[in-house]
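User: Could you take a close look at the side-chain contacts here, beginning with the aromatic rings and going on to the salt bridges? I would like to see which parts of the chain they bring together.

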Amino acid sequence: MSRQLWLLRHAEAEPHGTRPDPERRLTGRGERQAQAAGAAIARLQRRFDAVLFSPKVRARETAEIAAEQWDERQRALLRCYPALAEGFDAAQANDAALEAPDDGRVLLVGHEPDMSRTVAELTGGTVALKKGGLAVVRLNGLRGELSLLLRPRDLALIAGVALAGVGSPADR
């Protein structure tokens, strides 16, 4: 078995200009997206060896709200990872993956365009990771294979919850 990187883009946040970028918070819809992501991950019965989030408020809130759906041991793994703030790439993703054993999983909560670009650099494929969306990459050395790509709406369906306004119009 190989390491897996789970890349969760932060959920919907306040518009640019509302407050300084690092301090932008989740909207109500973003909070529902984060809850759905956490519930879907719990329902998939996936456990992580590390849960790393960007120091920006919207990423921290996404990680914390998602983790409310998990057991105490998984919640205890949450940790700020400054490299996720901006300019995160495949080399840094591979470094983050070392937080897990050879067959482990690391969840990264970050931003665009970094999350989609990192998936592309690792897999050679192009993806558009939606706000509150999730990509799973199975690593094979320095390269990877895209195993899963889910929109916020998909995560809500897996979670088994009817969350009004979770997906964006582009998700439908």
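Analyst: Happy to. The count comes to two aromatic pairs, where rings of Phe, Tyr and Trp (its six-membered ring) pair if their centres lie within 6.5 Å, with planes under 30 degrees apart called stacked, over 60 edge-to-face and the rest tilted. This is a predicted model, in which local features need pLDDT of at least 70, side-chain atom pairs count only at pLDDT 80 or more, and totals for chains, interfaces and linings use all residues. Residues are numbered from 1 along each chain as its sequence is written, and side-chain values use heavy atoms, with hydrogens and water left out.

Start with W6 and F48: their ring centres are 5.4 Å apart and their planes stand at 85°, so this pair is edge-to-face. Because W6 sits in strand β1 and F48 in the loop between α1 and β2, the contact ties together parts that are 42 residues apart in sequence. (Helices, H or I of at least four residues, and strands, E of at least two, are DSSP runs numbered from the N terminus.) W6 has a relative accessibility of 3%, so W6 counts as buried (under 20% relative accessible area is buried, over 50% exposed and in between partly exposed, with a 1.4 Å probe and protein chains only). F48, at 1%, is buried as well.

F48 also pairs with W70: here the ring centres lie 5.9 Å apart and the planes meet at 45°, so the arrangement is tilted. This pair again links distant parts of the chain, with F48 in the loop between α1 and β2 and W70 in the loop between α2 and α3 (72-75), 22 residues apart. W70 is buried, as F48 is. Put together, the ring pairs join W6, F48 and W70 into a cluster.

Now to the salt bridges, of which there are 14, each being a side-chain nitrogen of Lys or Arg within 4 Å of a carboxyl oxygen of Asp or Glu. K56 and D21 form one of them, at 3.0 Å from N to O. K56 belongs to the loop between β2 (50-53) and α2 (57-67), while D21 belongs to the loop between β1 (4-9) and α1 (28-43), so that bridge spans 35 residues of sequence. K56 is buried, with a relative accessible area of 11%, whereas D21, at 27%, is partly exposed.

D21 has another partner in R58, with the closest N and O atoms 3.1 Å apart. R58 is buried, with a relative accessible area of 5%. The bridges extend into a network that links D21, R24, K56 and R58.

For a local counterpart, turn to R117 and D114, whose side chains meet in a salt bridge at 2.7 Å, N to O. These residues are three apart in helix α5 (residues 114-123), so about one helical turn separates R117 from D114. R117 is partly exposed, with a relative accessible area of 32%, while D114 is buried, at 5%.
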